[in-house]
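Open the model in your viewer and keep the selection panel at hand. The stops below can be taken in order.

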Amino acid sequence: MTLGFYPGCSLKGSSREYAESVLALAKAFNIDIEEIEDWNCCGATAAHNMNKELSLALPARILSLAEKQGLHEIVVPCAACYSRLTVTKHELAKDQELTKKVISTNGLDYKGTVEVLNIIQMLDKYVTPNLEGRVVKPFDHKVACYYGCLLVRPHEILKFDREEDPQSMDELMLKAGATPIDWAFKTECCGAGLSVARTSSVGRLSGKIIRDAVDRGAEAIIVACPMCHSNLDMRRGAINSFLGEKIDIPVLYATQALGLAVGLDRRVLGLHRHFVTVTV
Amino acid sequence: MSSNPHISTISGLANEVLEHTEVKVTHCYQCGKCSAGCPLSEEMDYPPSVIMRMLQTGNPELEEKVLRSFSIWVCLTCEMCFARCPMSIDIPKMMDFLREKSIKEKKANKKAKEIIAFHKSFLDSIQYTGRLYEIGLLADYKTRTLKILDDMDLAPKMIKRGKLNIIPELIKDRSGVASIFRKTIKKNKN
């Protein structure tokens, strides 16, 4: 069965190494993956902060296009996009009137039949069952698995992992040969969409995350969201000025760490694109 | 109205929240877990549990303060309050409603100018190209806020690492996406 792929805007721009590592893993594990044609932005934080109808219509268009393309399952590596698509599916499933309204706004048919997988669910389904004998370069480092907010909350809708002490990424990293640490900031917010408008808030929130990971001996932080990554990696200036010292712990996507473990090339995985040099 | 001042009646804004979001502010018993866990509460004018209490009173002056608060804009919808609420009150969903109403009624807090400018620049970018054009977003945001020098060091570093597209990604059905905007967020505007 073909797995649909919704990259979202970040993965085509500031977080293209996330897309590169997802696609490199898909290739290495013979996953038949196909991008949704002519997809649009999910609307992100801006849409749901400003207008509810818009925040449902934009993700619904994406799901409609996937249906039209004959896809039954899509992977959405960005945790924020995953949240918007899953919340939209949930809201429309429980309200037929709202669904009719969205269909008339978008001018596209919508049945709600497409399964939406986050990156961990995709890896658990298509990669880890075939991992035996493939881990040629174990990612032998202490790692802090950072889930952020939108991968796990709200549980009522996502029904994925535990809301404050999730385990799925830790288990994945164990399989990659890493040693996940126990720490307190697994699901604390990085500052997300305030990155540009209130960079100092991001420095404070992401700074606390970095501080705890380092204090507990982590050698790398592992993430599954481009917003988390760009705040922890590209905003290291604001973070370091909040912390009052220069901390250079690298931040890797789960797909990059797993990719390294199965022997994929560092450049193919896009590690050279990070602001903080990946020394692990 | 109830004659017992200790029983809060659902009035005004609390009732609107209920009708539009099914969120029952009356269920809050002020345990304060939302405010304790909120990563932004120290930057807010009123932490989430205080917003809940202000709405419970049904006092129009306090409701007005909620709509004009900075809190509703600095809230990141991280969903921690909802996760920890013993009464499962969906505070983030309520915040979305309050933000939309605050904008519609032109009551947005002045301190939130940059945050709102960012949202507007973001949505404008999608409306025209279907996908986010990061350079366009930043240029538009700088024009709106006159924060010309912010993040000037970031762009060259991003370009060097192949993280910024110089040319926007244009989807084919741009008119379809533009039409979604016209039928939703822009429907009451000329």
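Predicted model: local features only at pLDDT ≥ 70, side-chain atom pairs only at ≥ 80, totals over all residues.

Residues are numbered from 1 along each chain as its sequence is written, while chains are lettered from A and ligands numbered from 1 in the order in which they are written.

**Chain A against chain B**

Select both chains. Here 44 residues of chain A are in contact with 44 residues of chain B (contact: C-beta atoms, placed from the backbone, within 7 Å). On the chain A side, at least two residues each come from helix 2 (44-50), helix 3 (52-68), helix 5 (96-106) and helix 9 (199-215). Helices are DSSP runs of H or I with at least four residues, numbered from the N terminus. Helix 2 of chain A gives the most, with 7 residues. By type, this side of chain A has 19 nonpolar, 13 polar and 12 charged residues. Ala, Val, Leu, Ile, Met, Phe, Trp, Tyr, Cys and Pro count as nonpolar, Asp, Glu, Lys and Arg as charged, and the others, Gly among them, as polar.

**Helices 3 and 5 of chain A**

Next, select helix 3 and helix 5 of chain A. Their axes are 9 Å apart and the packing angle is about 75 degrees. Axes are lines fitted to C-alpha atoms over the stretch in contact, and angles run from 0 to 180 degrees between N-to-C directions. Helix 3 of chain A is therefore roughly perpendicular to helix 5 of chain A (65 to 115 degrees). Residues of helix 3 at this contact include Glu53(A), Leu56(A) and Arg61(A), which face a group in helix 5 including Val102(A) and Thr105(A).

**Helices 9 and 11 of chain A**

Now select helix 9 of chain A with helix 11 (residues 236-243) of chain A. The two axes come within 8 Å and cross at roughly 70 degrees, so this pair too is roughly perpendicular. The contact holds 6 nonpolar, 6 polar and 2 charged residues.

**Ala213(A)**

Stay on helix 9 of chain A and pick Ala213(A). Is Ala213(A) buried or exposed? Ala213(A) counts as buried because it has 28 C-beta neighbours inside 10 Å (buried: 20 or more other C-beta atoms within 10 Å, placed from the backbone). Leaving out residues up to four places away in sequence, Ala213(A) touches Ala144(A), Trp183(A), Phe185(A), Ala218(A), Ile221(A) and Ile249(A). Trp183(A) is 30 residues away in sequence, with 6.8 Å between the C-alpha atoms.

**Domains of chain B**

Finally, colour domain 1 (12-107) and domain 2 (111-183) of chain B. These bounds come from an automatic or database domain assignment. Taken over C-alpha atoms, the centres of the two domains of chain B are 29 Å apart.

Conventions:
Contact = placed C-beta atoms within 7 Å. Buried ≥ 20, exposed ≤ 12 C-beta atoms within 10 Å, placed from the backbone. Parallel < 35°, antiparallel > 145°, perpendicular 65-115°, else oblique.
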